[in-house]
Amino acid sequence: MASLINKELSHICDTVNNTDSYRILRGRVNGVGYSPDARLMPYLELAGFGSATLTRTFDLQYDLISALVECWRPETHTFHLPCGECTVTLEDVALQFGLPIDWDAAMGVSAIAEPAALYYSLLGASPGDAESTFSELKFTWLKANFQHLSDNTTEEELVCTARAYIMHIIGGVLMPNSNNNKVHLQYLPLLADLRSVRSYSWGSAVLPML
C-alpha cells in the first residue's frame, strides 16, 4: 500500500510541478538534536518512550510533501488520492513511535501553582527566568543541563535526566510548538513516576498534532 501511495504521489508531484500556480512548501525538521546516554535507556523504556527516542532527523522530499498537502481534504480529514482515501490513524502513531495508545489521553496539568518547586522535585534543578516562562521550558536549558552525564551520576540524577529527555521529545518531536524551542510544563507532572507514564495514551495526544 505504501509503495502504491508513493507512486501516486510521484505522479501528482510531476503533474503539479508543471503548473505555474503550484508552490513547493518549505518545512522545518523537528528533533531533539542529541541522542540519550545509554544509561537512560532502561528508564525511557520503562516510561514507554524507548522507541520514540529512536526518531531521527532526515532529509525531506518537499515536493512530495507539497503534493500530499494538495490532496488533503479538511472536510473529511483524509488525503484524496487516485487509489482512494487515506489518513493517519492512531495505529500509525503506535507503530511509528511505539507510544501507548490505551487508557486515558495524556492531557497534562492545566494549572501548576509552584513551577519552581516542580522543577526541583522532578528535574533536580530549576531554570532562571531567561530559560523558562510560567508555563513553558526552553530546550536550550534542557540541553545545557542534561545532555552530558558524569561517570558517577546517581540513579536519582538518571531519573531526572530521563524526565528531561522525555520532555524534550514531547516538545521537540511529538508535539512541537510553532517555534520548536519550548515544551509546555503541563506534561512534567505526568512524568513523576516513570512506571506509570505508560499508563497514559500518549498516542492519542500526539495524533491531533499531526
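Visitor: Which residue forms a salt bridge with R39?

Guide: A salt bridge pairs a side-chain nitrogen of Lys or Arg with a carboxyl oxygen of Asp or Glu, within 4 Å. This is a predicted model. In the model, R39 pairs with D37. The closest N and O atoms are 3.0 Å apart.

Visitor: Is R39 buried or exposed, or in between?

Guide: The class follows from relative accessible area: under 20% is buried, over 50% is exposed. R39 has 29% relative accessibility, so R39 is partly exposed. D37 is partly exposed too, with a relative accessible area of 24%.

Visitor: How many salt bridges does the count come to?

Guide: The count comes to three. Take D193 and R195 next. They form a salt bridge, with the closest N and O atoms 3.1 Å apart. D193 is partly exposed, at 31% relative accessible area. R195 is exposed, at 62%.

Visitor: Which residue forms a salt bridge with E136?

Guide: The partner is K182. Here the closest N and O atoms are 4.0 Å apart. E136 lies in strand β5, residues 136-138, and K182 lies in strand β6, residues 182-184, so the pair ties together parts that are 46 residues apart in sequence. E136 itself is partly exposed, with a relative accessible area of 23%.

Visitor: On to sheets. What is the order of the strands in the open sheet of three?

Guide: The general idea comes before the case. Strands of a sheet pair through backbone hydrogen bonds, either parallel or antiparallel. In this structure the order is β1-β2-β3, and the pairing is antiparallel. β1 and β3 stand at the edges. Each has a single partner strand, so one side of each is left without a neighbour in the sheet.

Visitor: How many bridges join β1 to β2?

Guide: Two bridges join them. β1 covers residues 72-73, and β2 covers residues 78-81. Now read the facing residues. W72 stands opposite F79 in β2. R73 stands opposite T78 in β2.

Visitor: What lies between β1 and β2?

Guide: The two strands form a hairpin, with four residues between them. Look at H77 in that turn. H77 has a positive phi of about 55 degrees.

Visitor: How many bridges join β2 to β3?

Guide: Three bridges join β2 to β3, and these strands run antiparallel. β3 spans residues 84-86. L81 has G84 in β3 as its bridge partner. A hairpin joins β2 to β3 through two residues.

Visitor: What does the side chain of T161 reach?

Guide: The T161 side chain reaches the backbone oxygen of E157, at 2.8 Å.

Visitor: Which residues does T161 touch, not counting those up to four places away in sequence?

Guide: With those residues left out, T161 touches L40, F146 and L149.

Methods: Residues are numbered from 1 along each chain as its sequence is written. This is a predicted model: local features need pLDDT of at least 70, side-chain atom pairs count only at pLDDT 80 or more; totals for chains, interfaces and linings use all residues. Side-chain values use heavy atoms; hydrogens and water are left out. A polar contact is a pair of N or O atoms within 3.5 Å; within protein, one must be able to donate a hydrogen and the other to accept it, and residues adjacent in sequence count only if both atoms are side-chain atoms. Contact means heavy atoms within 4.5 Å. Two strands pair if DSSP finds at least two bridges between them. Buried means under 20% relative accessible area, exposed over 50%, partly exposed in between (1.4 Å probe, protein chains only).
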